[in-house]
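Here are some notes for a colleague who is opening this structure for the first time. Please keep the sequence and the model in view while reading the numbered points.

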Amino acid sequence: QRAARLPGRQDWSSWPHYQAAAAGFRGYWYPVGYSSRFTGKPRQITLLGEKIVVIRDRGTVYALKDRCPHRGVPLSEGNQQFPGTISCPYHGWTFDLKTGDLAAAITDGPSSPICGKVTQPTYPVEERLGMVWIFVGDGEQPHPIDEQLPEELVGNAAVVGSRIQPREGNWRFACENGYDEGHAKYLHRTALWRLFKPMPVWNETRIIQRGRWIYRVQDKQYWTADFPGLGRWDNQAWFKMKPPKQVGNIGNTISHRETNPVIAAQEFPGFASVSMPGVLRIVYPTFIHYEFYVPVDADNHLYVGVMADFRRGWRALPFYAKYLGFVRWLFHGQFSAQDKWMVEVTDAPPEKLYRPDDSLLKWRKLAEDTCEDRVERLAGQGITVTVPEV
Ligand code: FES
């Protein structure tokens, strides 16, 4: 059974920007696919509900609105007739990839008077982590992408393994699921990934903010619990894993290996954190797992899972072996498929929250506050952004 579509069902009225962001938050960079996917053949993608044509020209990737202003045909159905341009398949309107300016209307001859009078909207594009990233905003100058990427991924050598998968369901459900305090211990109790990580029954948790991230800080973990009138529950899998002897802030492991120096230098206050516009970071002692929840439209998102190991040279080889040998299948595969399932069947709001949902509330507040700041900042630049009616 699929969840009901969100529009018309929303009453997250305490967070008007969040409520209105069914198709995502504007003013951010989003990963849209592996770099190798984007070649000289135009390709259509959908991001925040907008159809965008993406094409690589002499090594550089460009993105334009994928609707010819003449009669509304997708430019992604066309091709390149001249270097540095893309031509519409219908009448040959030809747009400069950098500026979006109409460079030629082929079927009206070289002196067509419409040239210079039409400009196709373009999108800023960058490539990072082997992926193409596109900025969707409201006409403002985009911030540098490195200001938005997780800090430790900028300026530190890392090997990464990733999985990109189009998924059904609203991106907010995906993000909330990723940061959700309770689901890791219950939904994922059957995941084989738990061979490597024991789970408590419940935690005493605080959510704290540091910079642009909010962190789940686990003050105390309970490995068994007696439920009055019901009995004991210990959340042990069939393989009877023992709880770790010591759990610190980066205690997301059963082993006691040394923490990678790049990770240690960050002094993360908690192992799970989230930031705008929907990025989850799970810190292990020797690697970090990220999830980017990319809004395609109100009903679909792109799951981008990235595992980064801050090693270089031959030391990276064991990571590749580990990633391709089992992490890709157990974590980016079976474990992540359980999340995918929940995002597809979640049907909120209305909702009745419980104590561990503080994580959801703090994420929504972060989103709301950040959006308000952006609206104010843009107003200062003379750009008015209105919160769409839901
Ligand atoms: Fe694109 Fe006519 S519709 S050139």
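1. In this predicted model, 13 residues of domain 1 are in contact with 13 residues of domain 2, where contact means that the C-beta atoms of two residues, placed from the backbone, lie within 7 Å. The domain assignment places domain 1 at 28-136 and domain 2 at 146-371, and such bounds come from an automatic or database domain assignment.

2. On the side of domain 1 that touches domain 2, the elements giving two or more residues are β1 (28-34) and β2 (43-47), and the largest share, 7 residues, comes from β1. Helices (H or I, at least four residues) and strands (E, at least two) are DSSP runs, numbered from the N terminus. By class, this side of domain 1 has 9 nonpolar, 3 polar and 1 charged residues; Ala, Val, Leu, Ile, Met, Phe, Trp, Tyr, Cys and Pro count as nonpolar, Asp, Glu, Lys and Arg as charged, and the others, Gly among them, as polar.

3. Two conventions should be kept in mind. Residue numbers start from 1 along each chain as its sequence is written. As the model is predicted, local features need pLDDT of at least 70 and side-chain atom pairs count only at pLDDT 80 or more, while totals for chains, interfaces and linings use all residues.

4. The largest nonpolar core has 79 residues, of which Tyr 30, Leu 47, Ile 134 and Val 294 touch the most other members, and this core draws at least three residues from each of domain 1 and domain 2. Such a core is a set of buried Ala, Val, Leu, Ile, Met, Phe, Trp, Tyr and Cys residues joined through C-beta atoms within 7 Å. Leaving aside neighbours within four places in sequence, Ile 134 is in contact with Tyr 30, Val 32, Leu 47, Ile 52, Ala 63, Tyr 123 and Val 125.

5. Helix α2 (residues 171-179) is mostly covered, with 9 of its 9 residues buried, including Trp 171, Arg 172 and Glu 176. A residue is buried if 20 or more other C-beta atoms lie within 10 Å of its own, exposed if 12 or fewer, and partly exposed in between. Of the 390 residues of the chain, 35% count as buried.

6. Strands β6 (residues 93-96) and β7 (residues 102-105) run antiparallel and are joined by 3 bridges, pairing being assigned if DSSP finds at least two bridges between two strands. Phe 95 stands opposite Leu 102 in β7. The two strands form a hairpin with 5 residues between them, and Gly 100 in the turn has a positive phi of about 80°.
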